[in-house]
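I opened the file to look up chain contacts, one ligand site and a few single residues. My entries follow in the order in which I made them.

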Amino acid sequence: MQHTLDQPLLEIDHLTRVFLSRQGLSVTRLEAVDDASLTLTAGKPEIYALAGESGSGKTTLARMVLGLERPSEGTLNYKGRSVGELSARDKRTWFYKEVQPVFQDPFATFSPMKRIDSYLYETARNYQVAKGADVDKRIDEALRVVGLTLAEVRGRYPNELSGGQAQRVSIARALITRPSLLVADEPVSMLDASLRMSILNLFKDLRDKEGVAVLYITHDLATAYYTADRIGVMLRGWIVETGPVERVLGSPLHPYTQLLKSSVPQADPDKAWSAEPTLAPRPVTFPVSGGCKFAARCPKVMDRCRVEIPASYEAEGRSVKCFLYA
Amino acid sequence: MLTTIRDLFRYNSAFRYGSLILVVVFILAGLSFFSPYAPEARRVVPRAAPPSLEHWFGTTSQGQDVFWMLTFAVRNTLIVAGLAVIIGRGIGVMIGMISGYLGGRWDRFLSGLVDSFIVIPRLPLLILIAAMLRGHMTLVALGVMIGLLDWAIPSKRYRSQVLSLREREFTNTAVFSGMRSVKVVVREHLPFLIPFLLADVVSGFLFAIGLEVTLSVLGLGDMNAQSLGTMIYWGNYYQSLLANRVWVLAAPIAAAVLIVVGFYLASVGLTAYLDPRTRLARLQAKG
Amino acid sequence: MGRAATALPRSETPIQTAFGTPPFMTLLKEYIVPRLIQWAIVIFIGVSLTFLIPRMSPINPIDQAMGRLTAFQTLSPEATLALRQSLMDLYGLEGNLLTQYLNFWGRVLRGDLGPSFSAFPTTVADMIGSGIWWTIGLLGLSTIIAWTLGLVLGGLAGYFPDRWWSKAVENTLVSIYPIPYYIVAFILLMLFTYYLPIFPLVGGSRGTASFSWSYIGSLVYYGFLPALSLVIGATAFRFIMSKALASTERSSDYVRFAEIAALPKRRIVFRYVIRNTMLPQVTDLALSLAAIFEGALITEVVFGYPGLGYLLLNAINASDYNMIMGITLLSIVGIATASLLVDLCYPLIDPRVRYR
Amino acid sequence: QPSGLPVDVPREQLFVSDQILRYNVVGNYNFWVLGPQNPTRHAMFLETLWIRDQETGALVNDAASAPPQYNDDYTQMSVELRDNIFWSDGVQFTADDLVYTIETLKSTPELGANGWHAQLNQFVESVEKTGDHSVTFTLTEPNARFHSLFEARWNGIYMMPKHVFEEVEDLATFTNNPPVVLGTYIPVQADPNGFWELYERREDWERSPAGVETNNPGPENILSIFYGDSTRKAIAMSRGELDVYFDADFEAFQETLDTTPTARSWYQEFPWAYPNEVSSRQFVFNQENDPVFANKDVRWALALALDIVELQTEYIGGVVKVTPIPVPPTGELVSLYHEPLEEWLIDLEIDLGNGEMYKPYDPTVPDRIAEWAEGQGYDVPGTPREVFGSGWWKFDPEAAEALLVKNGFSRDGSGQWLKPDGEPWVLSLQSPPDENDAFRMANAASDMWTDFGIQVDLQGPERSVWDQNHIEGQFQVSTPWYSFALASGDAWPEIRGWHPDFYVPVGEDYRSLGGNNFQRINDPRVGELIDAMAAVEPGSEENHELVTDFLKHWTEEMYFITTISFKKFVTWDERYWTGFPTAENPERMPLYWFQGGKYTFQSLRPVAE
Amino acid sequence: MAQPPILEARDLKAYYITEAFGVRRTVKAVDGVSLSIQPGEIYGIAGESGCGKSTLLKMLLGEFEPPLTPVEGTVAYDFGEGPSDALGMDEAEVASIRWSRVSYVPQGSMHVLNPVRRIGDTFHDFISTHRPMPRRQTNEMVKAYLAEFGLREGVLQSFPHQLSGGMRQRVTIALATILSPKLIFADEPTTALDVVVQRSVIQLLKRIQRDHGSTLVLITHDMGVQANLADRIAVLYAGKLVEEADTRTIFKAPRHPYTQHLIGSLPTLEDKVARQSLPGRPPALDDPPTGCRFHPRCPYAMDICKSVEPPLVTLEDGHRAACHLITDEADHAAHSRPALA
Ligand SMILES: Nc1ncnc2c1ncn2[C@@H]1O[C@H](COP(=O)(O)OP(=O)(O)OP(=O)(O)O)[C@@H](O)[C@H]1O
Ligand SMILES: Nc1ncnc2c1ncn2[C@@H]1O[C@H](COP(=O)(O)OP(=O)(O)OP(=O)(O)O)[C@@H](O)[C@H]1O
Ligand SMILES: [Mg+2]
Ligand SMILES: [Mg+2]
């Protein structure tokens, strides 16, 4: 299949992933990702942030994009080919060259038992991006993009590097195959504040200079705002609001996004929270399922929210999954 | 490697004692090659003599020198146990890793197989097979058999290890580095299993030596070969205890205990050393 | 932003109740039924294996029986042939392997294990019936004693690794642990029945079974040595495992937290440390049941104790297929069922566990 | 201190006897179906018509009151029964019981124990009561040995209580519990696990055959108990928890003497053991596994390479009798066979091949053993021949060498024998370790043949494997036990299985035609002699001559290298009970586990008396 | 500051001293920290991961076990009855002040509940140890208290895993505060929580502090949280206290280059201005740089920084900082002692 420019790079359409989880003697069905849609265009590489509270399905979505998890429903196409249906061979020879991951914990990314450069060499050799002495050159090149050199890294064990360095190596490894898409699942949440910025700046550089699109997953709205071009806010498997990051976070429409934004503690004593939270238990008066997933907590809840599932509506240059904007 | 051993020796008393015992054991086994008597020779020394300068561990009522018998016995028992351990752990690691890594249908099939093996009582099965093979039962066959029976429970342990390793992020890194499954399992996962493997090797040794002794005293081993078990068997057969020739039994019993204690202690030390946590701490300290 | 907006997140899930909820059907379908199927398959494979293996043996039960019957007497050749034929009939060894196999399952499903070859005409069921309680009693009890003892001692030693008593217990048990079981048993036997003849040589009790003190006393008296030999080794094993688990537990967050809150040590040891080390050990208890049948054999032979082990050894030596089958069937079903039950009940014991 | 015994009977009322095997079948006393028979049980309370005492060779009346009477052509046998014995439930024993026993056994195939059903149908046409206590059997064909079915050495057809059995619907499943018996003792308590069984003396003990015969009450209770191996028996006796054990290995026996001063065996002193059980040990050869053993010179060479004196002394401890023929030198048999054969043996010559005829027999063997014994500081209680048996083959490796060379064997550089085909000679010798004597004998042979230059592979397989190897002929040399003569002197029943009619080649079950010939000997001369014996009366001079001829032939062929007779360390402790027969008082056999053992038990007296 | 400080640490040094296979490591996790905390105050401790925050807190709590070893310095509590040594308490003394006066919300507080004990039992364990009372009474008390936390009483019957992370964290906080202690230490009480839950937990802490008049010592590296909660903030770098001031000053007028960087580099919502990151990484504490520990990364590093450790000097209003750039401005002799060599 030939990839054309106007074809989207990544096309996620009504994607659902269901987990059955059993606990004690009961089984619960959990839609980790529920009817999520998003598209990354091919022409102009962008950083797409996926944000949302813990357990909202960000990682699951990312794993599906990486082909590590099979979608239960919906389509997920990369350059027009369905990721779930790729053969093991196709994955190795084509898909993994195109799409590479950056994981959350740089130390978990590499086996502590192995030298960190072995992954670089494995990647370079297995995808035959270079031969002989060129291998070293290609690796060094990739490392330089992230501000390291092969000399610094060679022969070292992961724990001999700082978290930021290790995370850079992880990114460099991903870059060796010259991928078109990086899927970065909370790539900075384990890093020190000062290192965080250097990685985020690196993503921007990669987008601008190397033309790499990034699916940036985070629960930190501030970094999402700082880094991303577009953002999708996830709530229990749904993408409830998506659009340009300035708009979505600047003036959130979905009540959930609003709640999220207001809850972010601002590093400024002048912007401290004013309101007192109510912690008294509130009885749950209706089943949580069947309506909008946010209905139980929503301050603007309407009757229909409890029975009907909202569709995604276009509003103010973004798409919102809320009846308020129907 | 040498520094590891030196460090262990210096800082870990369990390892120190264990390896000293093992050295003695291996020297004993090695001495068998210099034995002045053939292993099966009888009537070569005075009968039923208590330990003396000439016959350190005494002699049997068959006119055999207990010390030299013991050298053969230790060697042969080590061979049986070694074989059993290699085969048992080999199968265990392989099945455990395959089943853990591949998951899905393969995992279900292999787990079912493993579970079926676990529920079959092993000792009776071994006795049954030994009874069947008797006459053709050699030490090698015994070792192989024990090995073939002692893999199921370890393999479960490896499986669960690999199951959790598979979920670790670096597995995905390896996959995205273009490594094939076999390579991932061998290069990425196997190193993590080494501490378990070691602990397991020791319990394998315990099991194999215990079984060798048990089968022999039930009269089901290779009664013509010298092993710790057959020494005990023949010691009992000629009533060493009743006839106050305790030395005939004391030697193999002490040797059996020493071997297993030696392996056990050495492994305790080694496991402590290989424990990923302390190991990482050390790497960090040096790096 | 309204007050309600900062209220509780959705995770205020109600505590889930067992049964009654529709997902139970899913659980049944997704977990219980497959687990039951697995149970059946495991038994099927195990039993088939034990059916086949003795039949691959060159030893023929008819010849064994003939040997026993004619050892001391002279039979006319005609009578010899007649005897052989009648043995074939009685033992149900007519027909090829497949027929025998099908017949075998037929009988098993009817609960008929057939006659014992070596103790003809007593049925295997009768023989097992008279042996099993001894085995279960001795091994079950000593397994439980050893399990509990090892767990508690290991927990204590893991929590107080530097006390003198914990070191003493540890050193003792660790030195006993690797000694092959036969040797432990044999040494105990010689020590306490010969050099210091205080325990009986053979049997499981004295007098007729009743609920009298003297009979129960005799059970203890006769069972003491065998049980001791079993308890020693098993305690050592359990101790080592439990201690390792307890040392991990000891540095776990909740134990540290309880310590910081200055909870009494005793409570921490038992309710925090040992209670938590217990859980993985419960699964292992099911596996130790497998060892029951292994342990039984040597214990019973060494101590002259009644039970299945002795029966099994005799049966193996006499190629008593029916008996071998009976005992292994029992053992396989027992172990498979025990581990099934443990798997199914584990969530009740460990509140954290999730089914796979 | 609690007693280690499992029953609560005062020790002075309880005799504890060693049981050879654990009772397999518990609570079933129907001894006519397969299974419940057990040495102790038949010794305690089952009666046949006559008992053959192994010590005296005498025929002892059991339920019969006189020896059997045959008509002239041996087609009828009449039996007179005791008229003074009663079943344990008080009913008198009569001819009806015997007739019922025979007819029931004949007509009920399920009562298949011991082949009696088959043999009675084969031999008995009919059986009639000719008086209250007399019965006549009509036989299917002339048969001078029919009574041997009722003449117990080990066991014989047990009498059935008609009044009990005729009430029973299905005799095959009937358990006869509690049993109604003719014996003095009835079982009252049994361990469900078969470790022990307790018997109680009948109130009317003087109305049982043993009671009548000995006129002694015997112990009130007898406990028959299984302790396990020799070690445990020795321990039990030292603890005062065992009054007699049937055998032990030499070391355990010595330990018993050391730890239990009141214990003794047949002889008070050396050589202790009871030597007169009618059985002997031999090396036997498989004629068809390796061709070398089909050659009688090879078999002779192996015999001559054995030093019987060393074997009997160093390996067996000097406690058995030596015999060159497969008949043990016990009681009557010595005068019947060993003495008459002595001269023939002395003159016997074999051809060494180098033109030399060689006399292999060495009559001085008993004297040399006696010399050894005296050298050990032992007294020999009798003449060397009485105590150590007859002469044996010379230990003459040179003669053995000549025989082998004659047959194309040669030695390699290191002195090891090569077979005629040039292959190294590896001789496989199998002997089950659970038979202590045989295994030691095998050890001796292994050592001696090794010294002689043969590579010996000595294997000690477990019994069932050993049996199976024999059945299929998977062996070369082995160590079974045989006596070709019964205590009565008759041989036919014992050797009939070697008749060529029953010969089966290697690879098939040697029993498939009913024979005993696992050596696969196929010798027409053997057949002729057997046929001839069948036609004569067992006690006749004629028969003895035929047996002698047979033994000569067998010896010349060296089919078996017979070495020693059986010995049994039947050892009893006189702490509580006395009255066991001994060498000083050899009125009957001490073999209490044979069916005649009831007389032995019945003669016991408490020490306190 | 009329009242005597409820907690005072002087020149506290606490090292992790480990020895494995002959390799000896000394991690100087807390290296000469002095601070004093007033009753009723919320004192925040900030700093990057691994700089010794938790270690400091453990020392302040007097809860240390090998390899953590107090090397020098003192920690004293004063609950109005005169100062008492926190580091040298025996078991009985510890038992007498813990939970009733001093309590602790540990790092990773979602994981500190015994997984196999029901919440109610755990509460009973903790309460009855320090204030013996019958089971029924603790239940009543806990029920009422949990309600304030927005937790229904069913929680008492549940096992920890049945609760969400936020609920567990709240339970732990309740567990630590139910006996109204005077001094509460909280170590990263909100990490790993999503922002919505985090907010409720933080505000809850604040309320407890206010309602009971407790003193709260709060660790978090999240400057946003600090800004919302703390009255005064101390910034740690590599085991040293580098700056301490009231919240507003720290955020609006930080003096130490490290603090400046920490505040300045934080991305904020609705601000996309490019931010630079500092080069290098925090030093390993087993081999810290000489002189000022920040100098290898400091954009303003001078020669003196490499060799001489800057003393912690007090500026106006109890604002303290340790940097050679500001040493001159202050009269350090009066307020802080020279660092030990
Ligand atoms: N393999 C699985 N089996 C069962 N449930 C799963 C599995 N993987 C994820 N889940 C569940 O799916 C939901 C979404 O998980 P996911 O990891 O995608 O969330 P997330 O947004 O990445 O959260 P976080 O911010 O904590 O990383 C969670 O409730 C999780 O428990
Ligand atoms: N048990 C220990 N043994 C040795 N070093 C330790 C130990 N615990 C902590 N350390 C080291 O002490 C230093 C300070 O650790 P501490 O836990 O106090 O940091 P922290 O500031 O709380 O970090 P975080 O924000 O990650 O919780 C770190 O460098 C750490 O590696
Ligand atoms: Mg995630
Ligand atoms: Mg911390």
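**Ligand site.** I find a backbone N or O atom of Lys58(A) 2.9 Å from an oxygen atom of ligand 1. A backbone N or O atom of Ser56(A) lies 3.1 Å from an oxygen atom of ligand 1. For Thr59(A) I noted a polar side-chain atom 2.4 Å from an oxygen atom of the ligand. I then listed what surrounds ligand 1, counting a residue as near if one of its heavy atoms lies within 4 Å. The residues around ligand 1 include Phe19(A), Leu30(A), Glu53(A), Thr60(A) and Glu186(A).

**Conventions.** I am working on a predicted model, in which local features need pLDDT of at least 70 and side-chain atom pairs count only at pLDDT 80 or more, while totals for chains, interfaces and linings use all residues. Residues are numbered from 1 along each chain as its sequence is written, chains are lettered from A and ligands numbered from 1 in the order in which they are written, and side-chain values use heavy atoms, with hydrogens and water left out.

**Which chains touch.** I took contact as heavy atoms within 4.5 Å. Among the 8 pairs of chains that touch, chains C and D have the most contacts. Chain A and chain D share no contact, and their closest C-alpha atoms lie 44 Å apart. Chain D and chain E are likewise without contact, with closest C-alpha atoms 45 Å apart.

**Chains C and D.** I counted 59 residues of chain C in contact with 57 residues of chain D. The buried area (accessible area, 1.4 Å probe, that two parts lose on being put together, summed over both) is about 4,700 Å² here, and carbon and sulfur atoms give 53% of that. I logged 3 salt bridges between chain C and chain D, a salt bridge being a side-chain nitrogen of Lys or Arg within 4 Å of a carboxyl oxygen of Asp or Glu. Arg84(C) forms a salt bridge with Asp509(D), with the closest N and O atoms 2.7 Å apart. I also have 13 residue pairs in polar contact between chain C and chain D, both residues at pLDDT 80 or more. Elements of chain C that each supply at least two residues to the side touching chain D include H2 (61–70), H3 (77–91) and H8 (213–250). Helices and strands are DSSP runs numbered from the N terminus (helices H or I, at least four residues; strands E, at least two). H3(C) gives the most to that side, with 11 residues. By class, the side of chain C that touches chain D has 35 nonpolar, 20 polar and 4 charged residues. I used these classes: Ala, Val, Leu, Ile, Met, Phe, Trp, Tyr, Cys and Pro are nonpolar, Asp, Glu, Lys and Arg are charged, and the others, Gly among them, are polar.

**Chains C and E.** This contact takes 26 residues from chain C and 39 residues from chain E. About 3,000 Å² is buried between them, with 61% from carbon and sulfur atoms. I find 4 salt bridges across the interface of chain C and chain E. Arg256(C) and Glu65(E) meet through their side chains in a salt bridge (3.6 Å, N to O). Helix H9 (253–260) and helix H10 (265–303) of chain C are the elements that give two or more residues to the side touching chain E. That side of chain C has 14 nonpolar, 4 polar and 8 charged residues.

**Helix H11 of chain C.** Why is this helix largely enclosed by the rest of the structure? 8 of the 10 residues of H11(C) (308–317) are buried, where buried means under 20% relative accessible area, exposed over 50% and partly exposed in between (1.4 Å probe, protein chains only). Among the buried ones are Leu308(C), Tyr310(C) and Ile316(C). Just after H11(C), I note a positive phi of about 50° at Ser319(C).

**Two glutamines.** Gln226(B) sits in the loop between helix H9 (181–217) and helix H10 (228–237) of chain B. Gln226(B) is buried, at a relative accessible area of 7%. A polar atom of the Gln226(B) side chain lies 2.8 Å from the backbone oxygen of Pro39(B). Gln165(A), in helix H7 (163–175) of chain A, is partly exposed at 22%.

Note on methods:
A polar contact is a pair of N or O atoms within 3.5 Å; within protein, one must be able to donate a hydrogen and the other to accept it, and residues adjacent in sequence count only if both atoms are side-chain atoms.
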